Amino acid sequence: MQKDYIQSLFDLKEDAMRYSTQVKPISYLKANAAKVLLQLTEQREPLIITQNGEAKAVIQDVASYEETQETLALLKILALGNQEIEAGKVKPVNDVAARLRAKSAGR
């Protein structure tokens with residue numbers, strides 16, 4: 001179930017971004033750097049930079065980059081949690097709660 005939810009997030013992301021409209025040659029970036037930065041900030045969509053007709057780089061605004069990093073960190077935490085579940089490294093919540101109550105009462 002968790003994997004289905006995570007996959008749906010990626011599917012939504014793919015549908016939301018149409019990279020083909022955000023492709024520019026490096027010469028455009030060189031000639032319009034300030035304009036590009038303004039557009040990145042306003043539109044919050046990444047821009048693919050090509051060189052000799054090949055995609056070479058992706059640039060994006062800082063806020064989007066930070067959101068992406070936070071999302072990746074959360075996905076990593078979820079993956080680690082799933083690995084622990086699959087390895088049987090889990091305890092029933094009632095056992096954990098009872099242990100915490102006992103520990104708190106013993107102070």
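Entry 1, terms. I count two strands as paired if DSSP finds at least two bridges between them. Helices (H or I, at least four residues) and strands (E, at least two) are DSSP runs, numbered from the N terminus.

I am working with a predicted model, where local features need pLDDT of at least 70, side-chain atom pairs count only at pLDDT 80 or more, and totals for chains, interfaces and linings use all residues. Residues are numbered from 1 along each chain as its sequence is written, and side-chain values use heavy atoms, with hydrogens and water left out.

I found β2 (residues 47-51) joined to β3 (residues 54-59) by five bridges, running antiparallel. Leu47 stands opposite Ile59 in β3. In the hairpin of these strands, Asn52 takes a positive phi near 55°. Strand β1 (residues 23-25) runs parallel to β2, with three bridges, and Pro25 faces Thr50 there.

What links Arg44, Asp61 and Glu67? I see a network of salt bridges (a side-chain nitrogen of Lys or Arg within 4 Å of a carboxyl oxygen of Asp or Glu). Arg44 meets Asp61 at 3.4 Å, N to O. Arg44 lies in the loop between α3 (33-43) and β2 and Asp61 in the loop between β3 and α4 (62-86), so the pair ties together parts 17 residues apart in sequence. Glu67 and Arg44 have their closest N and O atoms 2.9 Å apart. This pair links helix α4 to that loop, 23 residues away.
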